[in-house]
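Student: I am new to this structure and would like to understand the words used to describe it. Could we go through them one at a time, setting each value against its definition?

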Amino acid sequence: MVKETNEVHGAEVTILTSATMTVAPALPMQEHRLPLSNLDLLLPPIDVGVFFCYLHPAPTAAALKEALAKVLVTYYPLAGEVVSNADGEPEVLCSGRGVDFTEASADDAELRELRLGMVDEGVEKLVPAKKAGVICVQVTKFKCGGAVVGCTFDHRVCDAYSFNMFLVAWAAAARGGSAALAPSFRRSLVAPRDPSPRTHSTDALIDRLFSPLSSAPPPPPSSVTATAVNRIYHISAADVKEMQARAGPTRTKLEAFTAHLWQLSSRAASERQSLCCMGMVVDGRGRMFPDGAMEAYFGNVLTITYGVIGAGDLRRRMALADVADDVHRWVREAATGEHFRGLIDWVEALRPKPAAARAYLGGTGGAEATACIVSSGMGFPVGEADFGTGVPAFASYHFPWPAGAAYVMPMPSARGDGDWVVYVHASPELVKVMEEKHSIFKALDNSYVFGGMGDR
């Protein structure tokens, strides 16, 4: 039994890890290797977490394990492990090894006592650190009868869209049903073209957004990443609506949010950072196949586009609508099927050498720029994460990545009222600006998370 402690309202909460076992698929499978696609190969070896908070009655570990074994038959790559091929590139060994599943308890604490907004103290021990395999799971029970279900997955194998599919299927299996969408692992959908018909403009955009890792600027020193903090905030539906209105009638909520965050980043920039780089993760499924052929595709179908503006210009001269117009411009140029197909071809020509997205390192601004990445989590299926005992009271992704760039992910609130929950991994300077008086980023207190939900 392993004992760990968290600080909750100044008191220590002991988390006891009572057992870890491996949940294998319910049916045996023939071992084989599944190559990662060229878009998968753009991702570094990094893990992403997600957690769901259930008030009493919470799903039991036994029910979760039984449903997990069933769903791993269909989502078999998640029951494997990432290995290297002859060229040193990662691929998935579909071996049926299973998923490490840990049962833990915090018998001296109520779930309502967790300070979920202060991620580093309230969440860190509830989302498991993956030691082997593609994903791992931890269920932590509280004395109130509530529980937190935490998962961690290897981003090289799938993106959030794909993992959301898995979560919905897992929950459906726990309720005795099945998900409407079965995953597709058809690598032919993202295969390179030969010969590649890339145009000069396609190549120019790719070269601006990506770089061979060997020629990319060095990452920031570990002292920079070590000082980053993690927070979860909420934004009211009214503030989202007002922000979008100020950005202009033709701008999306995400474009307005990204523009607002870009302005805040300029106020957090240090004296040596004269530029601000703002990036956005763009999903390519609908861009590559508008007919929906990739709706069930499981893997990474992402690009990261960005813009760079002087910090002084953002602070002094640019209205939100002007900044949102700029966001729209550089998102639109990357949100095309030709960009994604060209990117696949570009990676193919580079292999087996790895590549990196320039936005993580300040884009064209380099070391003189702050860097922040926005990734939309608005498809987060919080309302479908019912494992047989009801929907969660709260849920969020958890992504404390070891990079110098800030990472911000807005998601729908479990309340279902149009509010947003926003996960933030950023420098203390940016967090300070986000928490200033009259900010749209509101502290995630327990009255917001659990208020008015009774025993649920």
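Tutor: Let us start with the polar contact, which is a pair of N or O atoms within 3.5 Å, where, inside a protein, one atom must be able to donate a hydrogen and the other to accept it. Please keep in mind throughout that this is a predicted model.

Student: What makes the link between the side chains of Glu 121 and Arg 115 a polar contact?

Tutor: The side chains of these two residues are joined at 3.3 Å, and because the limit is 3.5 Å, the pair falls within the definition. Glu 121 itself belongs to helix 2, which covers residues 119–122.

Student: Why is Glu 121 called partly exposed?

Tutor: Its relative accessible area is 23%, and because buried means under 20% and exposed means over 50%, a residue in between is called partly exposed. The C-alpha atom of Glu 121 is also separated by 10.0 Å from that of Arg 231, a residue 110 positions away along the chain.

Student: How do you know that Lys 70 and Glu 66 form a salt bridge?

Tutor: Their closest N and O atoms are 3.8 Å apart, and because a salt bridge asks for a side-chain nitrogen of Lys or Arg within 4 Å of a carboxyl oxygen of Asp or Glu, the pair qualifies. Both residues sit in helix 1 (residues 61–74), four residues apart, which is about one turn of the helix. Lys 70 is partly exposed, at 45% relative accessibility.

Student: Which other pairs meet the rule, and how many salt bridges are there by this rule?

Tutor: The count comes to 22 salt bridges. Among them is the pair Arg 198 and Asp 203, with the closest N and O atoms 2.4 Å apart. Arg 198 counts as partly exposed at 24% relative accessibility, and Asp 203 counts as partly exposed at 22%. Glu 89, Glu 348 and Arg 351, in turn, are linked in a network of salt bridges.

Student: What separates Arg 246 and Glu 242 along helix 6, and what is the N to O distance in their salt bridge?

Tutor: The two residues are four apart in helix 6 (residues 237–247), so about one helical turn lies between them, and their side chains meet at 3.0 Å, N to O. At 40% relative accessibility Arg 246 counts as partly exposed, and so does Glu 242 at 38%.

Student: Why are the buried residues of helix 6 said to line one face of the helix?

Tutor: In helix 6, Val 240, Met 243 and Ala 247 are buried. Seen down the axis of helix 6, its buried residues fall within an arc of 65°, so they line one face. On the other side of helix 6, Ala 238, Lys 241 and Ala 245 are exposed. The buried residues of this helix pack against strand 11 (229–235), helix 7 (253–268), helix 10 (320–334) and strand 18. After helix 6 comes Gly 248, which has a positive phi near 120°.

Student: What makes strand 17 covered on both faces?

Tutor: In a regular strand the side chains alternate between the two faces of the sheet. For strand 17, Ala 406, Val 408, Pro 410 and Pro 412 lie on one side and Tyr 407, Met 409 and Met 411 on the other, and all are buried. Strand 17, residues 406–412, therefore has seven of its seven residues under the 20% cut-off.

Student: Why are strands 3 and 5 said to stand at the edges of their sheet?

Tutor: Three strands form an open sheet in the order 3-6-5, with antiparallel pairing. Strand 3 (32–35) and strand 5 (81–84) each have a single partner strand, so one side of each is left without a neighbour in the sheet. Neighbouring strands of this sheet are turned by 40° against each other on average, direction ignored. Strand 5 is joined to strand 6 (residues 90–94) by four bridges, and the bridge partner of Val 82 in strand 6 is Val 92.

Definitions and conventions: Residues numbered from 1 in each chain as written. Predicted model: local features only at pLDDT ≥ 70, side-chain atom pairs only at ≥ 80, totals over all residues. Heavy atoms only, no water. Buried < 20%, exposed > 50% of the residue type's maximum accessible area, 1.4 Å probe, protein only. Pairing = 2+ DSSP bridges. Axes fitted to C-alpha atoms, helices over the stretch in contact; angles between N-to-C directions. Arc of directions from axis to C-beta. Contact = heavy atoms within 4.5 Å.
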